[in-house]
Amino acid sequence: MLEKYLKSFTTLRTAKNKKGWSASTCHQAPHKPFLLLSIMDLIAQGQITENFIEPSFELVDIWNGYWNAIMPVGQQSTMAHPFPRLRSDGFWERICNPGFDADADYKVTSMVKLREIYTGARMDDELFQFMQIQDSREKLRAALVNTYFPPEIQPRVIEQGFVNLASYEYSQTLLKQEVAEQATLFGETDEPAKKKKIRDAGFRKAIVSLYEHRCALCGIRMLTPEGHTVVEAAHIVPWFESQDDKPTNGLCLCRICHWSFDEGLMSVGKQYEVLVSKCVQSDRNIPGHIQTLMDRPIFKPEQKMYWPGQENLEWHQKIKFAK
Ligand SMILES: [Zn+2]
């Protein structure tokens with residue numbers, strides 16, 4: 001019966017058009033293959049354990065990751081396109097919110113619209129079971145990669161899946177505050193570039209989830225419906241100095257606070273209060289709300305074990321902060 005789904009996966013109804021889609025996706029829209037790969041990534045990570053696929057932040061984030069890794073810079077799209085349209089491939093049942101009809105073909109072009117109409121989707125139980133078994137999951141994955149991507153792009157798609165899994169495992173290790181052997185952190189890879197990708201993505205996952213997408217310094221949380229977040233994971237003592245990805249060496253910061261922190265215009269004091277350098281007022285600067293943050297308590301993770309380490313904050317005050 002796996003054959004049946006392998007066939008479905010190699011004959012997905014996709015938009016085919018030489019002008020719109022380049023050779024890097026075999027002149028077809030890659031939305032559906034990316035969605036199925038993303039779902040299998042979350043199943044492999046143990047984040048999807050039941051046959052109900054929600055348009056969750058995690059799923060959107062992984063889908064965006066595939067898109068950004070393979071598609072040309074500047075070409076944008078959204079997981080809202082393939083999510084309802086997979087129904088036409090025969091193994092995907094849409095689940096609606098009350099008041100909507102699962103059989104109707106609504107015009108869905110944004111995640112806002114998608115979530116307004118659908119709570120999620122269910123696959124054929126048999127297909128879901130195949131996805132839960134590593135061996136058949138790999139076959140399904142290979143069918144997608146080999147059908148919708150040319151040989152020179154295939155390694156990049158495969159690597160993205162590998163990085164997704166390895167970085168998730170790395171983030172879980174960081175959250176356990178374990179000092180793991182490098183070998184176990186990065187699976188089979190010893191390529192420095194791939195290791196960096198896994199480390200960066202794993203650190204980001206751990207920090208952003210601990211701080212619930214809130215900036216530690218100014219407290220803002222902003223997420224677009226398409227799953228883009230204003231915050232980034234920052235090292236207190238930079239990686240090249242510390243080689244330390246533990247949450248105690250991390251802060252979740254919005255882009256402006258990240259820049260200000262790295263430039264030494266902001267720091268964090270002994271009582272976990274925001275420090276703002278006098279330099280923000282110099283010359284022709286108009287620091288706006290940054291000035292109002294002075295002495296305010298920072299936003300911290302719930303569990304104390306994840307709070308920024310005092311020794312790391314001291315390093316930042318001493319070496320970076322422009323008093
Ligand atoms: Zn901020």
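In which sense, left-handed or right-handed, does α2 pass α7? In the predicted model, the crossing of α2 with α7 is left-handed. The helices concerned span residues 31-44 (α2) and residues 134-148 (α7), and their axes come within 10 Å and cross at roughly 155°. Because angles over 145 degrees count as roughly antiparallel, α2 is roughly antiparallel to α7. On the α2 side, the contact is made by Pro 33, Leu 36, Leu 37, Met 40, Ile 43 and Ala 44; α7 contributes Arg 137, Leu 140, Arg 141, Leu 144 and Tyr 148. By residue class, this contact comprises nine nonpolar and two charged residues, with no polar ones.

Helix α7 also packs against helix α1 (residues 2-10), at an angle of about 25° and with the axes 9 Å apart. Since angles under 35 degrees count as roughly parallel, α1 and α7 are assigned to that class. Their crossing is right-handed. The residues of α1 involved are Leu 2, Tyr 5, Leu 6, Phe 9 and Thr 10, and they meet Ser 136, Lys 139, Leu 140, Ala 143, Leu 144 and Thr 147 of α7. The contact of α1 with α7 divides into seven nonpolar residues, three polar and one charged. Leu 140 and Leu 144 of α7 take part in the contact with α2 and also in that with α1.

Helix α6 (residues 125-132) contains three buried residues, Leu 127, Phe 130 and Met 131. These residues lie on the same side of α6, because the arc that they cover around the axis is only 100°. An α-helix has 3.6 residues a turn, so residues three or four places apart point the same way. The buried residues of α6 pack against α1, α2 and α7, and also against β2 (118-123).

A further site considered is Leu 293, in the loop between β6 (274-276) and α13 (310-320). Leu 293 has 19 other C-beta atoms within 10 Å; because a buried residue requires 20 or more, Leu 293 is classed as partly exposed. Apart from neighbours within four places in sequence, Leu 293 is in contact with Leu 217, Cys 218, Val 274 and Val 276. Thr 248 lies 45 residues from Leu 293 along the chain, and the C-alpha atoms of the two residues are separated by 22 Å.

Definitions and conventions
Residues numbered from 1 in each chain as written. Predicted model: local features only at pLDDT ≥ 70, side-chain atom pairs only at ≥ 80, totals over all residues. Axes fitted to C-alpha atoms, helices over the stretch in contact; angles between N-to-C directions. Helix = DSSP H or I, 4+ residues; strand = E, 2+ residues; numbered from the N terminus. Parallel < 35°, antiparallel > 145°, perpendicular 65-115°, else oblique. Left-handed = near helix turned anticlockwise from the far one by under 90°. Contact = placed C-beta atoms within 7 Å. Nonpolar A, V, L, I, M, F, W, Y, C, P; charged D, E, K, R; others polar. Buried ≥ 20, exposed ≤ 12 C-beta atoms within 10 Å, placed from the backbone. Arc of directions from axis to C-beta.
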